[in-house]
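These are my notebook entries on a single protein chain. I record what I looked up, entry by entry.

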Amino acid sequence: MSHERSGFATVDLTPDQEEMLRAAIEFGRASLRQDAEMIHADADSVFDAEGWKKCAEFGLLRMPVPAEFGGLGLGLPEVLSVMEGLGYASSDQGLLFSLNAHLWTNTIPILTYGNEQQKTKYLPLLSNGEWIGANASTESDAGSDVFAMRTCAERHGDRYILNGVKTFVTNGPVANLIVTYATIDPALGATGITAFLVERDTPGISIGPADSKMGLRTSPLSEVIFENCEIGIEQRLGREGRGVQIFGCAMEWERGCILANCLGVMRRQLERVIRHAQSRKQFGKGIGKYQSVANRIVDMKLRLETCRPLIYQIGRLKQLGRSAELEAALAKLHVSECFVQSSLDAIQIFGGYGYMKEQSIERDLRDAVGSRLYSGTSEIQRNIIAKLLNL
């Protein structure tokens, strides 16, 4: 990779991947929301439906899907490079978060565990952006203990009746297809968890009002309620009791990939604070000449350069068909913590201006805080890592 041309150092991308990264930057700058527009979109929590369509036309949602189902059949490293480029070029991290949720917790589980009928029916719609996907797993009383869920699926012949309430469903207010999880028998514990594909217009499903949250405000979030929601056995994803495996697959992909766009944000932050430290003068010299400021910038650079290999390593492992459970948890933990700290440092370097909405850095921080919570908190990631280390 030519570091001089792209500016994205450390991780060696192939020429094709580097070209995709540059193309994503050009597309993001030309087609997605930038700072001025985001001030109002963020304040009003406006989902960019037009931006979603443009990303679909760009090919993002088709990238990991095989050509036979309407996709491009590209590898995960290519998707990660595009996500990083979009994070660098666009100010709408909420939209990118929604796109990630759609890909990793909806499209990928269907691609991996769906039968031919399900893949033929749903993957083209999800790949061309006509349909938006969501994942309904979390419940208010379960939280990170996802398999303590109370949503039940009662079987009657070739039909299931779903009852329960799911919380924190990303894309819930705009989703057409929801991958949801329910237990066929609470006494079975984790082995009773089963996955289902539920279309939005199915009788018995209702979507709660969009939740108001601290960051990622342009990514809609809501409850999904199932009240005697009847679906056919053809809507079951995988066999009964396989929900744990399906959910684990979705989380491995999501934890490993959902922060790729954050790499781009961190790169943009670094470039901005360097320019500011060079041009902003106090007491007769640029503030970057003061060690306390320079040290913060050095730390931001160090975080970026340690985060990127962790993310791209996951792409290489999945490309080889290998598990990346440990690597995904490590990346999720490290990148999220670094993203928050670098956002804090950027605000500190910009001073009072960094605290103002017009600079957009305060929004970076609000968006970053969520990264330590979604897809499993930092504490949960440490538990996963410790377990995989046989501790």
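**Entry 1. Surface and overall form**

I began with the accessible surface of the protein chain, which comes to about 16400 Å². Carbon and sulfur atoms account for 52% of that surface. I note at the outset that the model is predicted.

I then looked up burial for the chain as a whole: 57% of its 391 residues count as buried. For the secondary structure, I listed 13 helices and ten strands. The radius of gyration is 21 Å, close to the 21 Å that the globule rule gives for 391 residues, so the chain is as compact as a globular protein of that length. Along the principal axes, the C-alpha trace spans about 80 × 45 × 40 Å.

Of the contacts between residues at least 6 apart in sequence, 73% join residues at least 24 apart.

**Entry 2. Helix α9**

I turned to helix α9, which covers residues 260-279 and has 20 residues. From its first C-alpha to its last it reaches 30 Å, close to the 28 Å expected at 1.5 Å a residue.

I next examined Q93, which is found in helix α6. Its relative accessibility is 4%, so Q93 counts as buried under the 20% cut-off. Leaving aside neighbours within four places in sequence, I listed its contacts as G87, L216, N261, V265, R268 and D367. I also looked up the separation of Q93 and V265: they are 172 residues apart in sequence, and their C-alpha atoms are 8.7 Å apart in space.

D364 is found in helix α12, residues 361-370. At 5% relative accessibility, D364 counts as buried. Which residues does D364 touch, not counting residues up to four places away in sequence? The list consists of V265, R268, Q269, F339 and S343.

**Entry 3. Positive phi angles**

L216 has a positive phi of about 50° although it is not a glycine. L216 is found in the loop between β6 (205-207) and β7 (221-232). With a relative accessible area of 8%, L216 is buried.

N390 also has a positive phi, of about 60°, and is not a glycine. N390 lies in the segment after α13 (378-388). Is N390 buried or exposed? At 72% relative accessibility, N390 counts as exposed.

**Entry 4. Helix α7**

Helix α7 (residues 116-127) has twelve residues. The helix reaches 16 Å from its first C-alpha to its last, close to the 16 Å expected at 1.5 Å a residue. I listed its buried residues as Q118, K119, Y122, L123, L125, L126 and S127. Residues three or four places apart in an α-helix point the same way, because there are 3.6 residues a turn.

I then asked: against which elements do the buried residues of α7 pack? They pack against the helix α6 (93-113) and against β1 (133-136), β4 (177-183), β5 (193-199) and β8 (236-237).

**Entry 5. Aromatic rings**

I closed with the rings. The structure holds seven aromatic pairs. F47 and W52 form one of them, a tilted pair with 6.0 Å centre to centre and 50° between the planes. F47 is buried, with a relative accessible area of 16%, and W52 is buried, with 1%.

Y122 and W131 form a tilted pair as well, at 5.9 Å centre to centre and 40° between the planes. Y122, already listed among the buried residues of α7, has a relative accessible area of 1%. W131 counts as buried at 17% relative accessibility.

As a last item, I recorded a charge over a ring: the charged end of K285 sits over the ring of Y290, 4.5 Å from its centre.

Technical notes: Residues numbered from 1 in each chain as written. Predicted model: local features only at pLDDT ≥ 70, side-chain atom pairs only at ≥ 80, totals over all residues. Heavy atoms only, no water. Helix = DSSP H or I, 4+ residues; strand = E, 2+ residues; numbered from the N terminus. Expected span 1.5 Å × (residues − 1). Phe/Tyr/Trp six-rings, centres within 6.5 Å; stacked < 30°, edge-to-face > 60°. Buried < 20%, exposed > 50% of the residue type's maximum accessible area, 1.4 Å probe, protein only. Lys NZ or Arg CZ within 6 Å of the ring centre and 35° of its normal. Rg over C-alpha atoms; globule rule 2.2 N^0.38 Å. Contact = heavy atoms within 4.5 Å. Areas by Shrake-Rupley, 256 points an atom, 1.4 Å probe, with all protein chains shown as cover.
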